[in-house]
Amino acid sequence: MSLYESKTQQPPKNGLLLLQGLILLLFCIFALRFWYLQIHKGEYFSEQARNNQLRQDNLYAPRGLIRDRNGELLAVNEPAYALGIVREDCKDLDATLKTVSEWTGVDLPKLKKVFKKSRRRVKPFEPLILVPNLTFEQVAVIEANSLYWPGLEVVVRPRRKYLQGALLSHVLGYVSEVDEAELENDSELAVGDYVGKQGLEYVLEKRFRGVKGRRQSEVDATGRRLKQRILNPPKAGEDIDLSIDLGLQELGGKFLEGKAGAVVVMNPDNGQILAFVSAPSYDNNSFTDGLSQKEWVALRDDPRTPLQNRVIQSVYPPGSVFKMTVAGAGLHYGVVKTQDIVYCPGHMQLGKYVFRCWKKGGHGETDLEKSLVESCDVYYYKLGKRLGVDRMSEYAFAAGYGKPTGIALPHEKSGLIPTRKWKKRRYGEIWHPGENLNFSIGQGYTLVTPLQVARSISSLINGGRLLRPQLLAGEPAEEQGVLPINDRQREIIRKAMIKTVNGSHGTARRLRMKGVVIGGKTGTAQVVKLTDEIKKMKDEEIPYKYRDHAWMASFAEKGTERYVVVCMVEHGLHGSSGAGPVVKAIYNYIFKEKKEKK
Amino acid sequence: MSPIDRRLLIHMNWFLLGLAAMLFFVGVLNLYSASGFRLEQGMSVSSFYQKQLVWGLMGFAGMITFMLFDYRHLRTIAWPLFWVTVILLACVPVIGKTIYGARRWLDLGFFNFQPSEMAKITILVIGAKILSRSSDPLNIKNLAYVVGVGLIPAGMVISQPDLGSGLNILLILGGMILYRGLTPKLFKTLAVVGPCLIPLGWLFMHDYQKRRVISFMNPASDPLGAGYHIIQSEIAIGSGRVWGKGFLGGTQSQLRFLPEKHTDFAIAVFGEEWGFAGAMALLSLFCVFLYQMVVTAREAKDLFGSYLAAGVFFYFFWQILINMGMVLGLMPVVGIPLPFISYGGSGTVVNLCLVGLVLNVSMRRYVFKQG
């Protein structure tokens, strides 16, 4: 009995074996798993752990400053607050974006679009810029609530600020957020970076940009920075001084306010540009944070074309300011001598066409000097007829027309100097003799930019050198060509220009100034072939778009100081009255006000 | 015989007691590290380890309580204990306290009592009573009876909802049934039918539970959601490598990448700081601890004691298996703590009480040997 009982009381043998087997199994499974995680893949997970806790991000480098020739600041950097999102830290993306939308007023679909577009380019642990520009109020709200919204981060970075705004837009250009194509081509760039898109900002992008720094932070799981170390400090971009004189620029800008046109002030001896005004203009600051589609379309389609850089991108018929070139051609090819007299009855007949001089009564007996001083058209008709298109265009090219000046700004136009070949290609027609006459007075097909005129005038007084216009201070003069005429021939034209200002019949008498040698030439360029009806109208009655363009090309010399000032006012009617006052004001500023200041 | 009979102390499984104490103190040490996290300056240590010490003291008191009486009395009160437990479980939905969206606690004024913890002890006792009637393999009738009894508290716990504890109850009972053994025919039948029931379980799962299963299958599908826990715990453990990062040196846990690091994921902190060497030591400690229960089950004076020891064995075995399986990325995330290592008040007390129960069985084996 007791034996039986003790037998039945035995614990189940198989059960005990099962328990021991389970212990063995437990040990084997987990020992193997620990071995796999900690030894086999230990290195991998160590790397993961480091990535988990250490993060690197960029420190933005401030863009180089831009100053004028006297050290006045033109472009600076100010701190801008952007809202970034670190995807890895963000627990609930949809809710977070919704909250961001509420805080900033940016509508949700747009935020989602920005997020989707950038997510491929931004690492999950780096801030992706959702809203580039926050107001102080928004920053305050976000900072106060950031604890509840892990992943949101206010990113401080330098942002471009143009102190004079529209006044220098056509020189400085603007920066804006980098686009897809730029990212593809430039490995230094990252999403959200600002890059130069226009003007000097575009051309000198690499010099302005600087080098981003790198910061390593130890973060906890909510993305809070615990410790940080600067791996590379950011290197600021290069500061650049321009040849621009802010005072002159302002003067030009003020004059052209409400008008359309261009003012260029150039140092003829080294090609440095002192003023570069194009009106109307636009505020380049508005591009920094991006224009809305609506704003962009409004700006692009503005009938006053404020985006057009009138100094280098607008081409105009030069009118009478082209007469110096034709006169130069006449002298160069020996077609005229200074003392040759042409009789101007106020018109000239060519075949069945009559070509009129601007002065109805005519200029009577006219020599080369008088033809420039009084701007006699008939003289040039005859000269043009004798020169012919080939020689005139050859000389015009040599004087720097018909090709870009090479100034360091994007999208410069070359203008147009017609040739037989061009005419054939463009219109499929031969060159008509009458067109020589139009060519000779700067009408017809000929188109020039104000900067080309300034350079051409410079070459008349600087020893015949065609210099590349420079915008950067201290840049050495760069000779691009030589005017074909000799010193004596240039002097003839120069003298005539001086007499245009100082002579009793000169068309640019309003430029006269005591103690300064000033030469000039006015130009009135027809925009359309005028009908008799318009011809009869008084100036004020002519519709704006039919009014002539007004040119004033001039130079001034005092001692060793020399300046070339060219002004062009669209539909300004007459060269002297339309474009003269600003030129006069500029010389006043240079030779009087500035001297007094010093 | 007096409760402090010298022979009782001589026969007690001191080895088991020592192992339990060691595991508990390893747990407290680990909690000290897990509950501290580095701020920008210095360390801040929250008081989890202190609380755990207090719970431990209560647990050891409970352990002694569970050793004082002769475990055979449990056999007589098995059914009353069962019905009291069922009634308490029935009270939970009515007057229970809701914490974290689940109604699991009864507020007893001085502390929150979890009837589901009590149900685990009850199932041990009732299971041992029913199964120890004989040591022949179970036939289908007996199996149905014992499973039917177990399903009552288990179903009530699962509906709280507390899937983890409910499954735990069933698993403990299942383990004890396997310990007893099934008739070969029944075993074969269950081996075929059992797996077919798994898809059925999916239908009864909550959405969050389904999500956990899915994210277990593919943690990368949702690296910041449910998969986050698994990925982070694997990183923490794996980065510990052979020798670990040293006590308090775990970057993943200290920098708070690791979630639930003081409760369910405590072993990840341990693995990170002590490395493969430490993990092997802890794993061995657990295995020897379990083995000591097997020793007690073998040497028990009667079948009831043996089944009690086996039940406690399974109570610990499943928790260790499930918790470590989850933390090591072998199983879906289920909120089951690791005995002694994870922080938890009632858990610690129950763990130590159950160790006390096994000690109780081991103490009183001499009667059999003498006889």
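These legends accompany several close-up views of a predicted model.

**View 1. Five strands of chain A line up in an open sheet.** Let's start by tracing the strands across this sheet, in the order β12-β11-β21-β20-β19 of chain A. The pairing is antiparallel. At the edges you will find β12 (273-279) and β19 (517-525) of chain A. Each of these edge strands has a single partner strand, so one side of each is left without a neighbour in the sheet. From one strand to the next, the twist averages 5°.

**View 2. Strands β19 and β20 of chain A run side by side in the antiparallel sense.** Here we look at one pair from the five-stranded sheet of chain A. Strand β20 covers residues 549-558 of chain A and pairs with β19(A) over 9 bridges. Which residue of β20(A) is the bridge partner of A:Gly523? Look for A:Trp551.

**View 3. Another open sheet of chain A has 3 strands.** The strands follow the order β1-β8-β9 in chain A, and the pairing is antiparallel. Which strands stand at the edges? They are β1 (54-59) and β9 (225-232) of chain A, each pairing on one side only. In this sheet the twist averages 30° from one strand to the next. Strand β8 (residues 213-219) of chain A pairs with β9(A) over 6 bridges. Along this pair, you can find A:Glu218 standing opposite A:Lys227 of β9(A). Helix α3 (residues 42-53) of chain A packs on the sheet and touches β1 and β8 of chain A. The direction of α3(A) makes about 45° with that of β1(A).

**View 4. Chain B and chain A meet at an interface.** Chain B gives 54 residues to the contact, and chain A gives 43 residues. About 4,300 Å² is buried between the two chains, and carbon and sulfur atoms give 71% of that area. There are 5 residue pairs in polar contact between chain B and chain A. On the side of chain B that touches chain A, the elements giving two or more residues are α7 (163-180), α10 (226-238), α11 (251-254), α12 (266-299) and α13 (303-327) of chain B. Helix α12(B) gives the largest share, with 14 residues. This side of chain B divides into 31 nonpolar, 13 polar and 10 charged residues.

**View 5. Salt bridges occur between the chains and within chain A.** Side chains of opposite charge can pair when their charged atoms come close. Over all chains, the whole structure holds 34 salt bridges. How many of them lie between chain B and chain A? The count is 2. In one salt bridge, B:Arg241 pairs with A:Glu43, and their closest N and O atoms are 3.7 Å apart. Within chain A, the side chains of A:Asp186 and A:Lys206 form a salt bridge with an N to O distance of 3.8 Å. This pair links distant parts of the chain, 20 residues apart. You will find A:Asp186 in the loop between α8 (180-185) and β7 (194-196) of chain A, while A:Lys206 sits in helix α10 (residues 205-209) of chain A.

Note on methods: Residues numbered from 1 in each chain as written. Chains lettered and ligands numbered in written order. Predicted model: local features only at pLDDT ≥ 70, side-chain atom pairs only at ≥ 80, totals over all residues. Heavy atoms only, no water. Pairing = 2+ DSSP bridges. Helix = DSSP H or I, 4+ residues; strand = E, 2+ residues; numbered from the N terminus. Axes fitted to C-alpha atoms, helices over the stretch in contact; angles between N-to-C directions. Contact = heavy atoms within 4.5 Å. Buried area = accessible area lost by both parts, 1.4 Å probe. Salt bridge = Lys/Arg side-chain N within 4 Å of Asp/Glu carboxyl O. Polar contact = N/O pair within 3.5 Å; in protein donor to acceptor, adjacent residues only side chain to side chain. Nonpolar A, V, L, I, M, F, W, Y, C, P; charged D, E, K, R; others polar.
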